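Please keep the sequence and the model in view while reading.

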Amino acid sequence: MLVKCICPMCGRTHSVTVNMEEYNKWARGMAHIQDAMPRLSATEREQILSGLCPTCQNKIFEEV
């Protein structure tokens with residue numbers, strides 16, 4: 001399944017391929033996305049949570 005996102009910083013559209021069963025676990029209330037979707041990278045999980053594209057994530061998290 002593709003989860004499409006629009007980055008709130010740059011406006012680019014991007015998508016993440018997720019396992020439907022894992023996505024449903026998270027969407028139905030599994031507390032931590034990393035527990036529901038362990039196969040995704042931290043960057044991909046952040047895309048789903050915040051919509052931030054990888055480029056904008058790098059910009060934000062490099063500044064921290």
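The model is a predicted one.

**Helix α1**
- Helix α1 spans residues 20-27, and at its start a side-chain oxygen of asparagine 19 comes to within 2.9 Å of the backbone nitrogen of glutamate 21.
- Glutamate 22 is part of helix α1 and is buried, its relative accessible area being 10%.
- Apart from residues up to four places away in sequence, glutamate 22 touches Ala36, Met37, Pro38 and Arg39.

**Isoleucine 33**
- Isoleucine 33 belongs to helix α2, which covers residues 33-36.
- With a relative accessible area of 5%, isoleucine 33 counts as buried, because the limit for that term is under 20%.
- When neighbours within four places in sequence are set aside, the contacts of isoleucine 33 are Trp26, Arg45, Ile48 and Leu49.
- Isoleucine 33 and glutamate 22 stand eleven residues apart in sequence, and their C-alpha atoms are 9.1 Å apart in space.

**The nonpolar core**
- The largest nonpolar core has nine residues: Val3, Cys5, Val16, Val18, Ile33, Ala36, Met37, Leu40 and Ile48.
- Two or more residues of this core come from each of β1 (2-6) and α2.
- In soluble globular proteins, nonpolar side chains tend to be buried together.
- Cysteine 5, a member of this core, touches Arg12, Thr13, His14, Gln47, Ile48 and Gly51, residues up to four places away in sequence not being counted.

How values were computed: Residues numbered from 1 in each chain as written. Predicted model: local features only at pLDDT ≥ 70, side-chain atom pairs only at ≥ 80, totals over all residues. Heavy atoms only, no water. Polar contact = N/O pair within 3.5 Å; in protein donor to acceptor, adjacent residues only side chain to side chain. Helix = DSSP H or I, 4+ residues; strand = E, 2+ residues; numbered from the N terminus. Buried < 20%, exposed > 50% of the residue type's maximum accessible area, 1.4 Å probe, protein only. Contact = heavy atoms within 4.5 Å. Core = buried A, V, L, I, M, F, W, Y, C linked by side-chain atoms within 4.5 Å.
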